[in-house]
Amino acid sequence: MTTEILKTDTLVVGAGQAGVAMSEHLTALKIPHLVIERNRIAGHWRSRRWDSLVANGPAWHDRFPNMTFTDVSPDGFAPKESVADYFEAYADSFNAPIRTGIDVRKVTRNEGRPGFTIETSEGVIEALRVVAATGPFQKPVIPPVIPQDIGLTQIHSADYHNPQQLPSGGVLVVGAGSSGVQIAEELCRAGKKVWLSVGAHDRPPRSYRQRDFCWWLGVLGQWDATTTQPGKEHVTIAVSGANGGYTIDFRKLANEGVNLVGVTRGFQEGVVSFADDLVQNIANGDASYLGMLRAADEYIARNGLDLPAEPEAHCILPDPPCMTDPQLRLDLAAEGITSIIWATGYATDFSWLQVDAFDEQGKPCHQRGISTEPGIYFLGLPWLSRRGSTFIWGVWHDAKYIADQIAIQRQYMTYHPATES
């Protein structure tokens, strides 16, 4: 960009899966637009994921509708580099107008004229509309439980790459969603002594009766659910595509050497304290797991499907010692723990978007991504329109809806009464 002001109809901020999907639909509708990205296309898949990460859904499901993976079998789980390559190839397939290495600093509404002024690291852009396609994984969250200056290595899962980057000694992994479980298991297999802090979670089967859980959520209508149960809006999902894909079983992890503890609550004089909720958290996860099995069985019976029974899937292992006698305190030095990995999720960061589109808690105000601030749109957020909104295929469908709404607004703006001609 030059020092001159660049003008476009629609500016899309972010070139991950949301930004690429948005660009595809805007291109199909012939809406002039520009996508700008701080790093590179799908850069977080390369830089903010650990080395062995694979997609949590099979390749037939975790993709856009118009292109398959060329290097992964349909029932396989794409490595992170393949996912990033996929999005780059997808953007190239329709010549997406993406510019990388540009950081958005501030977006403000213009006074007395349409649109917004966008200040970036490479100059000023003016656009009639702005789509915030930065997704939900913007700012790693580390709860202020354990001080950062206690002499241990403390990193977020976003900065974890492999066991070799950690010092010798034991590891406490806080958070038992897909990331925390896979990291804990990898560290245990690498010979580390590992503690895993387990909070509330849902634990679906990886597959059941010859169908992946992604298929089950689809035919059961759960991907397209538009509302959730109270308190379930941000429940952690414990599922894995690693090592060919498997059902996460916390009791099995414990039998393999991972020490399970409850939610991390406090820290004092080198000792971490945990809530006495491990057994209940795992029981609730078991309930979600068994509930899906029952729903699948009912669906099969109702529709007369010829899928083999899987009675062993309903069996729950005996509780390991760490559950029958839960550990509530952990002396880090005494146990030789030298690292803590916080697999505790992310927060959004819209500080750059200085418009009237947020509530008192800073949460975006929108309906299916259409903001309360005219001309501002959000894409890639959890439950934007449905349960699947943050998934690859889900964000594609949400982007189509938003692009259609932009096209409708453009039609209104080009209308002129016959008397004006």
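Mentor: Let's go feature by feature, starting with the ground rules. This is a predicted model, with local features needing pLDDT of at least 70, side-chain atom pairs counting only at pLDDT 80 or more, and totals for chains, interfaces and linings using all residues. Residues are numbered from 1 along each chain as its sequence is written, and side-chain values use heavy atoms, with hydrogens and water left out.

Trainee: Where does Ile-31 sit, and is Ile-31 buried or exposed?

Mentor: Buried means under 20% relative accessible area, exposed over 50%, and partly exposed in between (1.4 Å probe, protein chains only). Ile-31 has 4% relative accessibility, so it is buried. Its place is the loop between helix 1 (17–28) and strand 2 (33–37); helices (H or I, at least four residues) and strands (E, at least two) are DSSP runs, numbered from the N terminus.

Trainee: Which residues is Ile-31 in contact with, leaving aside neighbours within four places in sequence?

Mentor: Contact means heavy atoms within 4.5 Å. For Ile-31 the partners are Asp-9, Thr-10, Leu-26, Ala-403, Ile-406, Ala-407 and Arg-410.

Trainee: How many salt bridges are there?

Mentor: A salt bridge is a side-chain nitrogen of Lys or Arg within 4 Å of a carboxyl oxygen of Asp or Glu. The count here is 22. Two of those contacts of Ile-31, Asp-9 and Arg-410, pair up with their closest N and O atoms 2.6 Å apart. Asp-9 belongs to strand 1 (residues 6–13) and Arg-410 to helix 9 (residues 392–413), so the bridge ties together parts 401 residues apart in sequence. Asp-9 is buried at 9%, while Arg-410 is partly exposed at 27%.

Trainee: What does Asp-297 pair with?

Mentor: Asp-297 meets Arg-209 in a salt bridge, 2.9 Å from N to O. Asp-297 lies in helix 7 (residues 278–303) and Arg-209 in the loop between strand 12 (207–208) and strand 13 (211–212), so parts 88 residues apart in sequence are tied together. Here Asp-297 is partly exposed at 22%, and Arg-209 is buried at 12%. Salt bridges can also link up: Arg-40, Arg-46, Glu-81, Asp-85 and Glu-88 form a network.

Trainee: How many disulfides does a search of the whole structure find?

Mentor: A disulfide is a pair of cysteine sulfur atoms within 2.5 Å. The search finds zero. Take Cys-188: the closest cysteine sulfur, in Cys-322, is 12 Å from its own, so the two are too far apart for a bond. Cys-188 is buried, at 18% relative accessible area.
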